[in-house]
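Please examine the sequence and the model shown here before reading further. The explanation is meant to be followed with the structure in view.

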Amino acid sequence: MGVFVGTAGGTSMKIVEALVKAFNIDEEDIFNMEDDFDEIDDLLAYDVLFLGSSTWGQGDTHFSWVDALLDIDTGDVDFAGKTVAFFGAGDSHKHSENFCSALGKLYQSFTSAGARAIGFIPKQLYQYDFSLAEVEEQWCGCGIDEINEAEKTSERIGAWLSSLKQALS
């Protein structure tokens with residue numbers, strides 16, 4: 001299991017900490033996209049990938065994901081046989097029009113490249129106007145908002161971890 005995360009303020013790291021505890025993930029299997037990621041082969045080395053990003057601007061992933069997603073979106077990278085789950089952070093009040101849309105962009109890129117997505121949770125855990133993280137009436141991963149809804153973080157992470165454990169058992 002590998003964890004790949006693009007984060008600036010560190011909010012997404014709360015979810016990484018929960019993943020490490022729940023799945024006994026070693027520190028060497030955690031990649032900060034900005035500092036530790038070198039090439040697509042880093043991702044392809046794992047059969048199970050936990051992929052995270054804070055949401056920026058108009059629903060974009062953290063800038064450290066740009067090169068990897070461009071490579072994946074060329075169609076030359078095959079994630080068939082890989083299992084992926086998504087997580088990240090956003091602001092549901094200031095950016096309600098694209099809350100945690102980075103999760104949805106990761107979902108689109110990796111599933112289009114053949115990966116199987118797990119970790120869907122009820123969209124009712126969230127209040128927002130629009131999000132690319134909403135896929136088929138559910139959320140395609142775990143999004144948190146530590147600015148406006150910190151009191152919901154534990155519930156959201158717990159629901160996501162339960163979904164992951166069930167899918168990986």
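This is a predicted model: local features need pLDDT of at least 70, side-chain atom pairs count only at pLDDT 80 or more; totals for chains, interfaces and linings use all residues.

Residues are numbered from 1 along each chain as its sequence is written, and side-chain values use heavy atoms, with hydrogens and water left out.

Helices (H or I, at least four residues) and strands (E, at least two) are DSSP runs, numbered from the N terminus. Two strands pair if DSSP finds at least two bridges between them. Strand 3 runs parallel to strand 1 (residues 2–6), and five bridges join them; here Val3 stands opposite Phe50. Strand 3 also pairs with strand 5 (residues 83–89) in the parallel sense, over seven bridges, and Leu49 has Val84 as its bridge partner in strand 5. With strand 4 the arrangement is antiparallel, and two bridges join the strands. Trp56 stands opposite Asp60 in strand 4. Three residues lie between the strands of this hairpin, where Gly57 takes a positive phi near 55°.

Buried means under 20% relative accessible area, exposed over 50%, and partly exposed in between (1.4 Å probe, protein chains only).

Ser109, in helix 4 (residues 101–112), counts as buried because its relative accessibility is 6%. Leaving aside residues up to four places away in sequence, Ser109 touches Leu69, Ile72 and Asp73, where contact means heavy atoms within 4.5 Å.

Most residues other than glycine have a negative phi. Asn24, in the loop between helix 1 (13–23) and strand 2 (30–32), has a positive phi near 50°. Asn24 counts as exposed because its relative accessibility is 66%. Glu136 is not a glycine either, yet its phi is positive, at about 50°. Glu136 lies in the loop between strand 8 (134–135) and strand 9 (138–139), and is exposed, with a relative accessible area of 68%.

Finally, Phe63 lies in the loop between strand 4 (60–61) and helix 3 (66–76), and counts as exposed at 52% relative accessibility.
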